[in-house]
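Subject: Structure for you to look at

Hello,

Here is the structure you asked about.

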Amino acid sequence: MINYDLVSTLLKRSDKKLLTTSLYLDLSSPQFTTKDAEIVLKGLIKEKKQELDGLPAGREGRQSVAEDLERLSRFVGTELDRKGAKGIAVFSCSAAKMWEAFPLPGPVRNVLLVDRGPYIRPFTMLLDEYERYCTVLVDRERARVFAVTMGEIEEQSQLLGDVPGRVRASGWGGYEERRIERHIEDHVHRHFKRAADVAYDLFQRKKFDRLIIGGRPDVLADFEKVLHSYLKERVAARVSVEASASLEEALRKTMEVHRQIEERSDRELVQRLVQSARAGGLGVLGLRATLGALRRNQVHTLVVEMGYVEKGVVCDACGFVGTDEQKCPACRAETRSVPDVVEEAIREALRRDAKVAHVSPAAGLADEGHVAAVLRFALTA
Ligand SMILES: [Zn+2]
C-alpha cells in the first residue's frame with residue numbers, strides 16, 4: 001500500500017545532486033500486456049533520446065542514467081508483476097544504488113523523466129485521490145456492504161435479516177399484535193446490528209475514511225443508532241437508495257455522492273485558506289508566499305491546483321526553491337531553471353513532512369495564485 005511516508009522517505013534518501021530516473025506506467029487496461037509495456041517504455045526512451053544525450057557525462061550523469069534505463073527495460077520486460085496494480089511507479093538512481101518500484105492503485109499517465117530527484121507529483125496526486133470508503137445499503141430485511149477504492153466497488157457482504165413477516169393476530173386489546181410487533185422490531189434491531197458489525201469489521205481491515213449509507217431515511221436513522229462510534233463520525237452522506245438496487249446503480253449513486261463530497265471539501269479548503277490568509281492567520285496564497293513559508297518550515301499542508309505548472313528556479317547548492325531569482329538569496333550560488341516549480345515545492349513539502357493536497361481547478365484556487373499553504377504557525381511581524 002502506497003502512502004506519504006514512503007514518498008517522503010524516498011525524497012529524504014535521494015541525493016539532490018544526482019540524477020534520478022522516474023518511470024510511471026499505466027497498467028489500468030486489462031488488455032495491456034507486458035509486451036505493450038515494453039513497447040511503451042521503448043517509445044518513452046526514444047522520445048527522450050536527445051535530452052538524455054545532453055546529460056553531463058561521467059558517473060553522476062549519463063552513465064548512471066544509462067544504467068537506470070537498462071535496468072528499467074529489464075524490469076518491465078521480465079520482472080513486472082502486475083498483481084492487480086493499475087499502474088506502476090519506479091524510481092532509479094544507479095549512482096546512488098537506489099531502486100524503488102511501487103505498484104499503484106490507480107491509473108497514471110505514462111511518463112519517463114530524468115531529474116535531480118524523483119518525480120513525485122503523479123504519485124502524490126494518486127495518494128490524494130486514493131480515499132477508501134465504504135457504502136452500506138440497508139433496509140429492514142436486507143443489507144449490502146461495499147468497499148470502494150479508487151473507483152472500484154467490491155461487494156463485501158450481503159445479509160438477509162431473517163425478519164419474520166407481519167402476522168395478523170387478534171388478541172386481547174391488541175396485546176398479541178404489540179407482542180408480534182416487538183418481536184419483529186427485535187429482529188430488525190439484530191439485523192441492523194449485524195450489518196453494523198460487518199461494516200465495523202471492514203473498517204478494521206481496510207481503514208476506510210468515509211462511510212456512505214443508503215436506504216430509506218427512517219431506516220437510516222435507526223441504523224445509524226447502532227453504528228460503532230468510529231463509524232458514526234465517518235458518515236459522510238446519507239443517500240436515498242433501495243437495498244434492492246443493482247450493484248451498478250448503487251455504485252453510480254455513491255460515486256456521484258463521493259465526487260460531490262470531494263468537490264465540496266476542496267472548495268471549503270480553499271475558502272478557509274483564503275479567509276485565514278486575508279486575516280493574517282494560518283494561510284498563505286500564491287507561489288511566492290508559499291515557497292517562503294516552505295523555507296521557514298511553516299507549511300502544514302501544501303495546496304496545489306491539479307494541472308497547474310509554473311517555471312521556477314532551484315539552488316543545487318543549498319536547496320533553495322524560488323520563482324525567478326538568478327542568484328540564490330541564501331547562498332549566492334547560481335540557480336538552475338526548472339520546468340515545473342510546483343513539483344519542486346511538493347518535494348520540499350514532503351521532505352519537511354508536510355502534507356500535500358491537490359484540488360480541482362473548480363475549487364477556486366486559480367484566482368488566488370494556483371498554489372497556497374495551510375500553515376502550522378503564523379509569523380508575527
Ligand atoms: Zn543556495
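What span should the 20 residues of helix 2 have, and how far apart are its end C-alpha atoms? Helix 2 (residues 34-53) should span 28 Å at 1.5 Å a residue, and its end C-alpha atoms are 27 Å apart, which agrees. The expected span is 1.5 Å times one less than the number of residues. Helices here are DSSP runs of H or I with at least four residues, numbered from the N terminus.

This is a predicted model, in which local features need pLDDT of at least 70 and side-chain atom pairs count only at pLDDT 80 or more, while totals for chains, interfaces and linings use all residues. Residues are numbered from 1 along each chain as its sequence is written.

The domain assignment, which is automatic or from a database, gives domain 1 (1-130), domain 2 (132-245) and domain 3 (266-381). The centres of domain 1 and domain 3, taken over C-alpha atoms, are 25 Å apart. Their contact (C-beta atoms, placed from the backbone, within 7 Å) takes 15 residues from domain 1 and 13 residues from domain 3. On the domain 1 side, helix 1 (4-13) and helix 4 (121-129) each supply at least two residues. The largest share of that side, 5 residues, comes from helix 1.

Helix 1 also meets helix 10 (residues 341-351): Y4, V7, S8, L11 and K12 in helix 1 are in contact with R347, L350 and R351 in helix 10.

Regards

Key. Contact = placed C-beta atoms within 7 Å. Axes fitted to C-alpha atoms, helices over the stretch in contact; angles between N-to-C directions.
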